[in-house]
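Colleague: I am new to reading models like this one. Could we go through it feature by feature?
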Amino acid sequence: MERKKPKAAEALNTLITACEALTESDYTSDTWSALQTALTSAKAVYGDKDNKTVEELTEAKTVLQAAKDALVDAGIVDTGADGILYRK
């Protein structure tokens, strides 16, 4: 497992870099806030990568990827209970 650690750390770092390149104004405030929370946590895990397990690195990447995938384009508006999304 120890040999997988550098790959897991690199994968996490690559995702962190990709998320840092995103622009806040492109996404809704709620989803952006969730991404920032996950990003802060992922950076903390990566910053202490030498003391983290492969599982911890992978979990941080999974959580960050989920937050990134959940981002909602700011140009899309949920109109209410019907759950249908419309473009502004």
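**Reading the fold, step by step**

Modeller: Start with contacts along the chain. Among those between residues at least 6 apart in sequence, 66% join residues at least 24 apart. Keep in mind that this is a predicted model.

Colleague: How many helices and strands does the chain have?

Modeller: There are 3 helices and 2 strands. Read from the N terminus, the order is α-α-α-β-β.

Colleague: What share of the chain counts as buried?

Modeller: Of the 88 residues, 24% count as buried. The accessible surface of the chain comes to about 5800 Å². Carbon and sulfur atoms hold 53% of that surface.

Colleague: Which residues touch the most other members of the largest nonpolar core?

Modeller: That core has 18 residues. Those touching the most other members are Leu 12, Ile 16, Cys 19, Leu 35, Leu 57 and Leu 64. Helices α1, α2 and α3 (54–69) each supply at least two residues of the core.

Colleague: Take Ile 16. Which residues does Ile 16 touch, not counting those up to four places away in sequence?

Modeller: Ile 16 touches Leu 39, Ala 42, Lys 43, Tyr 46 and Leu 64.

Colleague: Lys 43 is on that list. How do I read a salt bridge?

Modeller: Look for a side-chain nitrogen of Lys or Arg within 4 Å of a carboxyl oxygen of Asp or Glu. The structure holds 2 such bridges. In one of them, the side chains of Lys 43 and Glu 20 meet at 2.8 Å, N to O. This pair links distant parts of the chain, with Lys 43 in helix α2 (residues 29–47) and Glu 20 in helix α1, 23 residues apart.

Colleague: Which side chains meet in a salt bridge at 3.9 Å?

Modeller: Those of Asp 48 and Lys 52, N to O. Asp 48 has 30% relative accessibility, so it counts as partly exposed.

Colleague: How do I read an aromatic pair?

Modeller: The structure holds 1 aromatic pair. Tyr 27 and Trp 32 form it, with 6.1 Å centre to centre and 10 degrees between the planes. The pair counts as stacked because planes under 30 degrees apart are classed that way.

Colleague: Is Trp 32 buried or exposed?

Modeller: Trp 32 is buried, because its relative accessible area is 10% and the cut-off is 20%. Tyr 27 has 22%, so Tyr 27 is partly exposed.

Colleague: Which residue lies over the face of Tyr 46?

Modeller: Lys 49 does, at 4.4 Å from the ring centre.

Colleague: What about Lys 5? Is Lys 5 buried or exposed?

Modeller: Lys 5 is buried, with a relative accessible area of 13%. Find Lys 5 in helix α1. Set aside its neighbours within four places in sequence. Lys 5 is then in contact with Lys 49, Asp 50, Asn 51, Lys 52, Val 54 and Leu 57.

Conventions
Residues numbered from 1 in each chain as written. Predicted model: local features only at pLDDT ≥ 70, side-chain atom pairs only at ≥ 80, totals over all residues. Heavy atoms only, no water. Helix = DSSP H or I, 4+ residues; strand = E, 2+ residues; numbered from the N terminus. Buried < 20%, exposed > 50% of the residue type's maximum accessible area, 1.4 Å probe, protein only. Phe/Tyr/Trp six-rings, centres within 6.5 Å; stacked < 30°, edge-to-face > 60°. Lys NZ or Arg CZ within 6 Å of the ring centre and 35° of its normal. Contact = heavy atoms within 4.5 Å. Core = buried A, V, L, I, M, F, W, Y, C linked by side-chain atoms within 4.5 Å. Areas by Shrake-Rupley, 256 points an atom, 1.4 Å probe, with all protein chains shown as cover.
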